[in-house]
Amino acid sequence: AAWILRAGVVALFSTLPPALGAIVRVVPLTLDYRVFLFALAVASATTLAFALVPALQASRQRLADALHGQRAGTRSAARLRGALVVAQVAVSLVLVVAALTLARNFKSLGALDLGYQTHGVNSINIRSDDAQILGRLADVLSADPRIAELAVTDSNPLFNPNHNVAARPTTAPQAVATRYSFVSPEYFTILRMPIVRGRAFTSDEAAGAAPIAIVSEATARAFWPNDSPIGQTIAIERANGRPTDEIDGYAELTVVGTVPDAVTGLLVNGKDVNHIYLPAHARHPRATSAFQTRSTVR
């Protein structure tokens, strides 16, 4: 196990770009010898116990009975063996059913339409208290010739926590909890999420934190069922005790585009009921936790 762990770490770093490998760190993967010795002792004791008990029972059989082909042990021992066989078959069937169910579920999840493509995309989640690390790392990776595209986000798809804002169309009286994400303009091209209507963010809008938004198709249908969402305005309300976030400087957002519905949270939750995307750049105060890269070199 220790050798395999070492080989795995070597294989991981040998496949990373040098710029990324210089800053990536892994937690210590050491073998706990106390746990190993405990498991070894329990396994040895179990083996000896289950090997000695049948041997002791067999030693009680008379030689004459053995020569006549009579089975060893009493009737109670035979019943015990039968019960153990039944229990073993029952447990085996439960394990087989559970394994088949898991395999079927994984197959269903693999066929799930995420709303974007992940092939060739490397998702990197940053866990650091340094608010500037994302900007420095983005500069390093952007200069690497093997990195084709770089997109900055506040949380990568499938790692997106359940954070919402109280949003509503300016023509509606009541706000609803709406999922949101800060993304750079390259986000949609890297994940191959087409702009269904309108346009994508520009670099100037991302750098200036423009109060604009791209919404999912489900959001467009819910907010403006009979109108085009392009040019419409979304009001972002204060939390006021509600389980929603507050994002300063974004009281109103102008919709500039729509994208297909996507799965940004847990797979089991399916596609988002609604989603608002806001423009960000590498040094945006909200874009501090994650970004995606797509490498041209395998």
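# Salt bridges, aromatic rings and burial

Trainee: With which residue does aspartate 272 form a salt bridge, and how far apart are the closest N and O atoms?

Mentor: The model is predicted: local features need pLDDT of at least 70 and side-chain atom pairs count only at pLDDT 80 or more, while totals for chains, interfaces and linings use all residues. Residues are numbered from 1 along each chain as its sequence is written, and side-chain values use heavy atoms, with hydrogens and water left out. A salt bridge requires a side-chain nitrogen of Lys or Arg within 4 Å of a carboxyl oxygen of Asp or Glu. The partner of aspartate 272 is arginine 179, and their closest N and O atoms are separated by 3.6 Å.

Trainee: How many residues apart in sequence are the parts that aspartate 272 and arginine 179 tie together?

Mentor: Helices (H or I, at least four residues) and strands (E, at least two) are DSSP runs numbered from the N terminus. Arginine 179 belongs to strand 4 and aspartate 272 to the loop between strand 8 and strand 9, so the separation of the tied parts in sequence is 93 residues.

Trainee: Are aspartate 272 and arginine 179 buried or exposed?

Mentor: Burial is judged from relative accessible area: buried is under 20%, exposed over 50%, and partly exposed in between (1.4 Å probe, protein chains only). On that scale, both aspartate 272 and arginine 179 are buried.

Trainee: Which side chain has a polar atom 3.1 Å from the backbone nitrogen of arginine 179?

Mentor: The residue in question lies in strand 3 and counts as buried because its relative accessibility is 13%. Contact means heavy atoms within 4.5 Å; leaving aside neighbours within four places in sequence, its contacts are Ala177, Thr178, Arg179, Tyr180, Thr244 and Asp245. The side chain that places a polar atom 3.1 Å from the backbone nitrogen of arginine 179 is that of asparagine 164.

Trainee: How many residues apart in sequence are the parts tied together by aspartate 139 and arginine 283?

Mentor: A search of the whole structure finds 11 salt bridges, among them the one between aspartate 139 and arginine 283, with closest N and O atoms 2.5 Å apart. Aspartate 139 is in helix 6 (residues 133-143) and arginine 283 in the loop between strand 9 (275-279) and strand 10 (290-295), so the tied parts have a sequence separation of 144 residues.

Trainee: What are the relative accessible areas that make aspartate 139 and arginine 283 partly exposed?

Mentor: Both values place their residues in the partly exposed class. For aspartate 139 the relative accessible area is 42%, and for arginine 283 it is 45%.

Trainee: Why is the pair of tyrosine 180 and phenylalanine 182 described as it is?

Mentor: Rings of Phe, Tyr and Trp (its six-membered ring) pair if their centres lie within 6.5 Å, with planes under 30 degrees apart called stacked, over 60 edge-to-face and the rest tilted. The structure holds seven such aromatic pairs. The ring centres of tyrosine 180 and phenylalanine 182 are 6.1 Å apart and their planes stand at 90 degrees, so this pair is edge-to-face.

Trainee: How far apart in sequence are the parts that phenylalanine 182 and tyrosine 250 tie together?

Mentor: Phenylalanine 182 also forms an edge-to-face pair with tyrosine 250, at 5.6 Å centre to centre and 70 degrees between the planes. Phenylalanine 182 lies in strand 4 (residues 176-183) and tyrosine 250 in the loop between strand 7 (233-237) and strand 8 (252-259), so the sequence separation of these parts is 68 residues.

Trainee: What relative accessibility makes phenylalanine 182 and tyrosine 250 count as buried?

Mentor: Both residues of this pair are in the buried class. The value for phenylalanine 182 is 0%, and for tyrosine 250 it is 6%.

Trainee: Which residues do ring pairs link into a cluster?

Mentor: Rings elsewhere in the chain also pair. The linked cluster comprises Tyr187, Phe188, Phe201 and Tyr277.

Trainee: What percentage of the 298 residues of the protein chain count as buried?

Mentor: The protein chain has nine helices and 10 strands. Of its 298 residues, the buried share is 34%.

Note on methods. A polar contact is a pair of N or O atoms within 3.5 Å; within protein, one must be able to donate a hydrogen and the other to accept it, and residues adjacent in sequence count only if both atoms are side-chain atoms.
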